[in-house]
Amino acid sequence: MLTNKNTLQYGDWVKAVTNNDELIFGYVDHVNSLNETVTLVVVSSDNKASIGRKIALIQQKVTKLENAGLDYEAGLLNMIDLALESNDKPWFMELTASLYELQQRDPSSSGLLLLESNPNNNTQSNNP
């Protein structure tokens, strides 16, 4: 069984090689500790047909990605796209808040998502 830093949890970003030698990147959808398997949602793969599907693998074939690109704007924008595709509003709100914070710290960022001064502001402005 995996221990300490390699323990996988729901939502962890991972990479793995399937039994068919496909390189995949995705996130953990379910962990079955009893038979030491995980179910992954494939976000990227060298086999385009696998993208968007769920696959089960033994935990030993899966490597946790410590930093899934959430410290730079392009990574956050990619995650925001995934949150939108999966209709996950809490994750979307968390990611947009992180993007806003990143854009405030880094004045060279594109500012694509800066609509107002607060991403948690639920009021809509009529100003263009």
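1. In what follows, strands are DSSP runs of E with at least two residues, helices are runs of H or I with at least four, and both are numbered from the N terminus. On that basis glutamate 36 belongs to the loop between S2 and S3. The model under review is predicted, and the remarks below should be read accordingly.

2. Overall composition. The protein has 128 residues, of which 30% count as buried. Its secondary structure consists of two helices and five strands, and from the N terminus on these elements follow the order β-β-β-β-β-α-α. The accessible surface amounts to about 8,700 Å², with 49% of that surface belonging to carbon and sulfur atoms. Among contacts between residues at least 6 apart in sequence, 35% join residues at least 24 apart.

3. The sheet. The five strands make up an open sheet, arranged S4-S3-S2-S1-S5, with antiparallel pairing. Its edges are strand S4 (54–58) and strand S5 (62–64), each of which pairs on one side only. On average, neighbouring strands of this sheet are turned by 45 degrees against each other, direction ignored. In general, the strands of a sheet pair through backbone hydrogen bonds, in either a parallel or an antiparallel manner.

4. The pairing of S1 with S5. These two strands pair in the antiparallel sense over three bridges. Within this part of the model, alanine 16 stands opposite valine 62 of S5. Strand S1 itself covers residues 13–17 and includes valine 17.

5. Two salt bridges are present in the structure. One of them joins lysine 64 to aspartate 12, with 3.8 Å between the closest N and O atoms. This pair links distant parts of the chain: lysine 64 is in strand S5 and aspartate 12 is in the segment before S1, 52 residues apart. The two partners fall into separate accessibility classes: lysine 64 is partly exposed, having a relative accessible area of 26%, whereas aspartate 12 counts as buried at 13% relative accessibility. Aspartate 12 is assigned to the buried class because its value is under 20%. A reader checking this pair may note that the cut-off for a salt bridge is 4 Å and that the closest N and O atoms here are 3.8 Å apart.

6. The side chains of aspartate 29 and lysine 54 meet in a salt bridge, at 3.1 Å from N to O. Aspartate 29 is located in strand S2 (residues 23–32) and lysine 54 in strand S4, so this pair ties together parts 25 residues apart in sequence. Aspartate 29 is partly exposed, at a relative accessible area of 24%, while lysine 54 is exposed, at 55%.

7. Backbone geometry in two loops. Most residues other than glycine have a negative phi. Aspartate 21 has a positive phi of about 60 degrees although it is not a glycine. Its place is in the loop between S1 and S2, and it counts as exposed at 61% relative accessibility. Glutamate 36, also not a glycine, has a positive phi of about 55 degrees. Glutamate 36 counts as partly exposed, at 30% relative accessibility.

8. A nonpolar surface patch. Val17, Leu23 and Phe25 make a nonpolar surface patch of about 220 Å².

9. The loop between S3 and S4. Isoleucine 51 is found in the loop between strand S3 (37–45) and S4. With a relative accessible area of 37%, isoleucine 51 is partly exposed. Neighbours within four places in sequence aside, isoleucine 51 is in contact with Val42, Val43, Ser44 and Ser45. The C-alpha atoms of isoleucine 51 and valine 41, ten residues apart in sequence, are separated by 8.0 Å.

10. A site in helix H2. Methionine 93 lies in helix H2, which covers residues 89–105. Methionine 93 counts as partly exposed, at 23% relative accessibility. From C-alpha to C-alpha, methionine 93 is 9.0 Å from alanine 83, the two being ten residues apart in sequence.

Notes. Residues numbered from 1 in each chain as written. Predicted model: local features only at pLDDT ≥ 70, side-chain atom pairs only at ≥ 80, totals over all residues. Heavy atoms only, no water. Patch = residues over 30% accessible without salt bridge, like charges linked within 9 Å, V, L, I, M, F, W, Y side chains within 5 Å. Areas by Shrake-Rupley, 256 points an atom, 1.4 Å probe, with all protein chains shown as cover. Pairing = 2+ DSSP bridges. Axes fitted to C-alpha atoms, helices over the stretch in contact; angles between N-to-C directions. Buried < 20%, exposed > 50% of the residue type's maximum accessible area, 1.4 Å probe, protein only. Contact = heavy atoms within 4.5 Å.
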